[in-house]
Amino acid sequence: MARYTGPITKKSRRLKTDLVGGDKNFEMRPFPPGQHGRGRVQEKEYLTQLQEKQKARFTYGVMEKQFVRYYKEAARRPGKTGENLLVILETRLDSVVYRAGLARTRRAARQMVTHGHFEVNGKRVDVPSYRVEQYDIITVRQQSREKFPVQLARETFGDRQPPAWMHVVPGTLQILIHSLPTREQIDIALTEQLIVELYSKN
């Protein structure tokens, strides 16, 4: 399963946005890395579009090949391609676990899913890119309830409010998917239209 394993703070500084959430190193140096990082960079249209795409990719932890597949799927769906793309990314199981407040970062959520701590509708799922649907029920596996990542999730639950399109039962950390998210419910600083413009050139 391909994923980016390099320094994420360096990517945050290059793209001028906190890709982790609460990255103290980025907050101390919110400018591009390198000796010329503080210099003024001419913002060209292509560069702006590319940076927006990279922001989306690294925020959700998706490799380029998979991201292109998501874009093509979003383009085939009715409605706005950019919004469809964000819905696809938000409904990945690792993203759902993160949004539900069961992990502090998306990387941690991805690791929890990969280690098989969750079931979807009663079936064990260990694929972070698994796509949830409306009325799905995500539960912590019985065998995982006393393990450290789940115990930590219980202790930190409530630090971040889950979005309105899902409900989390505090006692069991069960996640109920009421509906698929709308653009207004996706709290992420992205201009998805720039991504659409970038790919539409090819």
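Start with the open sheet: its 5 strands come in the order β2-β1-β3-β5-β4, with antiparallel pairing. Strands here are DSSP runs of E with at least two residues, helices are runs of H or I with at least four, and both are numbered from the N terminus; two strands pair if DSSP finds at least two bridges between them. Now pick out β2 (123–125) and β4 (166–169): these are the edges, each with a single partner strand, so one side of each has no neighbour in the sheet.

A word on ground rules: this is a predicted model, where local features need pLDDT of at least 70, side-chain atom pairs count only at pLDDT 80 or more, and totals for chains, interfaces and linings use all residues. Residues are numbered from 1 along each chain as its sequence is written, and side-chain values use heavy atoms, with hydrogens and water left out.

Zoom in on histidine 167, whose bridge partner in β5 is leucine 176.

Next, select Leu102, Ile138 and Ile175, the residues with the most contacts inside the largest nonpolar core, which has 24 residues. Such a core is a set of buried Ala, Val, Leu, Ile, Met, Phe, Trp, Tyr and Cys residues joined through side-chain atoms within 4.5 Å, with buried meaning under 20% relative accessible area (1.4 Å probe, protein chains only). Colour α6 too: with 4 residues, α6 gives the most to this core.

Last stop: a second, separate core of 18 residues, including Ala56, Phe67, Ala74 and Leu190.

How values were computed
Buried means under 20% relative accessible area, exposed over 50%, partly exposed in between (1.4 Å probe, protein chains only).
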